[in-house]
Amino acid sequence: MATISEQATRVESLASSGIQSIPKEYIRLQEELTGIGNDIFEEEKQQEGPQVPTIDLKGINFANPEVRKKCREELINAAKSWGVMHLVNHGIPDDLIARVKKVGEAFFNQPIQEKEKYANDQASGQIQGYGSKLANSASGQLEWVDYFFHLIYPEDKRDLSIWPKTPSDYIGATSEYARQLRGLATTVLSVLSLGLGLEEGRLEKEVGGLEELLLQMKINYYPKCPQPELALGVEAHTDVSSLTFILHNMVPGLQLFYEGKWVTAKCVPDSILMHIGDTIEILSNGKYKSILHRGVVNKEKVRISWAVFCEPPREKIILQPISEVVTEAEPALFHPRTFGQHIEHKLFRKAQDDLLSKKKS
Ligand SMILES: [Fe+2]
C-alpha cells in the first residue's frame, strides 16, 4: 500500500469539493486544446463531416459466402481507413454488458475511502487497482480521471485478490465478459489476417495466442469538470495494444483525430467501440491504422468507460511487419521491437516532447 504522501490526488475528491476553477496541473497546453468546444453533447449530435464507421458483425460467420465476404470486407476497410469502429451485433449478450456496467458503476459509487482499500502503488510497481495519474511527466500535467485497472484474461494470470469484492457480482460478470471478449478478439484477428492475405490464425499467433495475449481492463471514471474547456480526461495518444474494446455509459467524450480534424464519436446503443492498436499497425506494416484519440470531459455528467486492452507479452515476442506483407514496393515501416521496448520508446518520445513544450511555454 502507498502512504498518503505518495498517493495521487483523486479527481473525484477534487470535483466534489465544489471548486469553480481547476488546479493548474489539470490545465492543458493551448496546443492540446485545439478543437475542444464548449458542449460535447451538441458535438455528439453533429451529423455533418466524417463519422466513425459502424460495422455490423451479424454476417461474419454466415454460411452464405456473399454475406460473409461483405461483412468481413467492411471490417477490413474500417480498420484500414479509420482504425476505430463501433461494432454492433458483436455476439456478446446485452444483459452481460449491462451487468459489467452495473458492477463497475457500483464500485465507483462507493465512498472514496472504500475504493482506497484497492489503491495501486505505482512507485513499487503494483499497477493493478484503483488509481489516478501521478505527475511523473516532465510537464507535470494531469488528466481529469480516476480508474480501476486489472488483468482479466487469461484466467491463470489474474490476481483475484485485488479485484473488487463489492458488489458481489463484480468477479462473475467481469470474468464472463472477459471470456466472451476473448472470443470476439479471435474473430476480429482472423478477419484482419484474411484482409492481409494471411491464413486466419496468423495475427492471433503473432500477438501471443490464447496463452500469452493479455486482456487488461481499465475502468475510467471521469468526474464532472468545472472547466472542461481547459482539461482533458485522456491526453491525445494512440493505443499500444493489438486491439482495444470499449464500453461506456452513453456519455460522449471520445474524440478521434481523422484527416486533420478532431471528430467526436457518437454514442451508439448496444455497440462496442474497437480500436486497432499500434501492435496491429506494426504487424500489418501500416495497412491497419492506430488512430490518434483523446478523451474530453464535461460539466454535466460523469462519464465512465470500460476499456479492455488486448496486449502481447512485454518481452517474449518481437513485433515487426509480417514478412508476407513487406514487399520491395512497400518496405518495412517499423524496426523490430518488443512490446516493452515500444512502450518505452513512446514514453521517451513523450518526455522529450513535454520538455520541448515546457521550454516553449
Ligand atoms: Fe486509448
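**Exercise 1.** In which sense, parallel or antiparallel, do strand 2 and strand 10 pair, and over how many bridges?

*Solution.* The model is a predicted one.
Step 1. The pairing of strand 2 with strand 10 is antiparallel and extends over four bridges. Within it, Met 85 lies opposite Met 274 of strand 10.
Step 2. Strand 10 also pairs with strand 7, in the antiparallel sense and over four bridges. Here Ile 246 faces Leu 273 of strand 10.
Step 3. Burial can then be examined for strand 10: five of its five residues are buried. Ile 272, Met 274 and Ile 276 lie on one side, Leu 273 and His 275 on the other, and both faces are covered.

**Exercise 2.** Determine the strand order of the open sheet and identify its edge strands.

*Solution.* 
Step 1. The open sheet consists of eight strands in the order 1-2-10-7-12-5-4-3, with mixed pairing.
Step 2. Strand 1 (54-56) and strand 3 (129-132) are the edges, since each pairs on one side only. From one strand to the next, the twist averages 25°.
Step 3. Ile 55 is placed opposite Leu 87 of strand 2.

**Exercise 3.** Which strands does helix 3 touch, and which of its residues are buried?

*Solution.* 
Step 1. Helix 3 (residues 65-81) packs on the sheet and touches strand 1, strand 2 and strand 10 (272-276). The direction of helix 3 makes about 155° with that of strand 1.
Step 2. With 17 residues, helix 3 reaches 24 Å from its first C-alpha to its last, close to the 24 Å expected at 1.5 Å a residue.
Step 3. Cys 71, Arg 72, Leu 75, Ala 78 and Ala 79 are the buried residues of helix 3. They are on the same side of helix 3 because they cover an arc of only 125° around the axis.
Step 4. Their cover includes strand 1, strand 2, helix 6 and strand 10. On the other side of helix 3, Pro 65 and Glu 66 are exposed.
Step 5. After helix 3 comes Gly 83, with a positive phi near 75°.

**Exercise 4.** Which residues of helix 4 are buried, and why do they lie on the same side of helix 4?

*Solution.* 
Step 1. Helix 4 (residues 94-108) packs on the sheet, in contact with strand 4 (146-153), strand 5 (214-222), strand 7 (243-248) and strand 12 (303-311). Its direction makes about 115° with that of strand 12.
Step 2. The buried residues of helix 4 are Val 100, Lys 101, Val 103, Gly 104, Phe 107 and Phe 108. These cover an arc of only 165° around the axis, and therefore lie on the same side of helix 4.
Step 3. Among the elements that cover them are helix 6 and strand 5. The face turned away from the buried side carries the exposed residues Asp 94 and Asp 95.

**Exercise 5.** Which residues touch the most other members of the largest nonpolar core?

*Solution.* 
Step 1. The largest nonpolar core has 82 residues, of which Trp 144, Met 274 and Val 308 touch the most other members.
Step 2. Helix 6 (residues 170-195) supplies the largest share of this core, ten residues.
Step 3. Neighbours within four places in sequence aside, the contacts of Trp 144 include Val 11, Tyr 26, Tyr 222 and Val 297.

Conventions:
Residues are numbered from 1 along each chain as its sequence is written. This is a predicted model: local features need pLDDT of at least 70, side-chain atom pairs count only at pLDDT 80 or more; totals for chains, interfaces and linings use all residues. Two strands pair if DSSP finds at least two bridges between them. Helices (H or I, at least four residues) and strands (E, at least two) are DSSP runs, numbered from the N terminus. Axes are lines fitted to C-alpha atoms, for helices over the stretch in contact, and angles run from 0 to 180 degrees between N-to-C directions. Two residues are in contact if their C-beta atoms, placed from the backbone, lie within 7 Å. A nonpolar core is a set of buried Ala, Val, Leu, Ile, Met, Phe, Trp, Tyr and Cys residues joined through C-beta atoms within 7 Å. A residue is buried if 20 or more other C-beta atoms lie within 10 Å of its own, exposed if 12 or fewer, and partly exposed in between; C-beta atoms are placed from the backbone. The arc is that of the directions from the helix axis to the C-beta atoms. The expected span of a helix is 1.5 Å times one less than its number of residues.
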